[in-house]
Amino acid sequence: MTMTDLHSHILPGVDDGSKSVEMSLDLLRRQYEDKVTQIALTPHFNFEKQSMQEFLQKRNNAARELGLVFQKSGLVQRMKLGAEVFYSSQLAETDVKPLCLTGTQLLLIEFHPAYYPTEAADVLYQLTRRGIVPLIAHVERYVFVREDPNLLCDLIEAGAYTQMNATSLVMHKKHQKLFLRMIRRGMIDVLGTDTHSPTKRPPKLGAAMSLVNKKCGENAMRQLIKNANTLFKGGQPSRPVPQPMRQILGHWM
Ligand SMILES: [Fe+2]
């Protein structure tokens, strides 16, 4: 089954991801071996650090540079440009279309790892009213989500989709049970690599999908794959309402 990665830092020299065209090709080759044939290139963008124009120019230049080498590489993958936008309340009133995944209304948004902006659900809802489809990056990495996973239900209700990192699922054994439970409860729409380099968050989508298949069943795995394919094309997958968890003796069940 063809897989899509909606979150990656494969573009060379734009952010803290790939350092060179060679490293980018290495990451793409690893993804290809993992049967990932559609990839969103989503470098970090922060309203407070850069102008949107500056960012887009730098990103597009890197894409051209990678494209030239990619053509000769023998790899056949489909790539689209996007961004991973650091959450700001400005999002509600900014024209964010240029930051969306090419040809779609999909906007990848990340929060500060430890701080949940109380107005976030409201801002996300405002975005959806303007036709934007928010996708929240690596939801399992936020302290506030691990402390109360039901927060994801609020974000989903506001109209956002949710993404989990493949490496978190495969490599962070301490929280693996909780992360798998989030998937079973319908709180996670897609898995992505968020790959930065072969060592910092290597692309592990294949291994993560195998784990989901084994622990949550084939249907859950197929749903995650299908959702990512649909979002990459610009569609909006339908999904069942997530089931909230209950805290029992300090554990979310
Ligand atoms: Fe990222």
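Helices α7 and α8 meet through L180, I183 and R184 of α7 and V212, K215 and C216 of α8. Contact here means that two C-beta atoms, placed from the backbone, lie within 7 Å. Helices (H or I, at least four residues) and strands (E, at least two) are DSSP runs, numbered from the N terminus. The model is predicted: local features need pLDDT of at least 70, side-chain atom pairs count only at pLDDT 80 or more, and totals for chains, interfaces and linings use all residues. Residue numbers start from 1 along each chain as its sequence is written.

Helix α7 covers residues 176-184, and its axis lies 11 Å from that of α8 at an angle of about 75°. Axes are lines fitted to C-alpha atoms, for helices over the stretch in contact, and angles run from 0 to 180 degrees between N-to-C directions. α7 is therefore roughly perpendicular to α8. Angles under 35 degrees count as roughly parallel, over 145 as roughly antiparallel, 65 to 115 as roughly perpendicular and the rest as oblique.

Helix α2 spans residues 52-71. Its 20 residues should span 28 Å at 1.5 Å a residue, and its end C-alpha atoms are 28 Å apart, which agrees. The expected span is 1.5 Å times one less than the number of residues. F55, R59, A62, A63 and L66 of α2 are buried. Seen down the axis of α2, its buried residues fall within an arc of 110°, so they line one face of the helix. The arc is that of the directions from the helix axis to the C-beta atoms. A residue is buried if 20 or more other C-beta atoms lie within 10 Å of its own, exposed if 12 or fewer, and partly exposed in between, with C-beta atoms placed from the backbone. An α-helix has 3.6 residues a turn, so residues three or four places apart point the same way. The face of α2 turned away from its buried side carries exposed residues, among them Q53, E54 and Q71.

The buried residues of α2 pack against α1 (21-33), β2 (36-41), β3 (44-45) and β4 (78-81). The axes of α1 and α2 come within 10 Å and cross at roughly 60°. That makes α1 oblique to α2. The contact involves V21, S24 and L25 of α1 and E65, L66 and V69 of α2.

Helix α9 comprises residues 218-233. Its 16 residues reach 23 Å from first C-alpha to last, close to the 22 Å expected. Buried in α9 are M221, Q223, L224, I225, N227, A228, L231 and F232. G234 follows α9 and has a positive phi, near 100°.

E84 belongs to strand β5 (residues 84-86). E84 is buried, because 24 other C-beta atoms lie within 10 Å. Not counting residues up to four places away in sequence, E84 touches H7, T42, P43, H44, F45, L108, E110 and A137. H9 is 75 residues from E84 in sequence, yet the two are 9.1 Å apart in space, C-alpha to C-alpha.

Two loop residues have positive phi values. H138 has a phi of about 25° although it is not a glycine. H138 sits in the loop between β7 (133-136) and α4 (143-147). With 23 other C-beta atoms within 10 Å, H138 is buried. R201, also not a glycine, has a positive phi of about 50°. R201 is found in the loop between β9 (190-192) and α8 (205-216). R201 is buried, with 21 other C-beta atoms within 10 Å.
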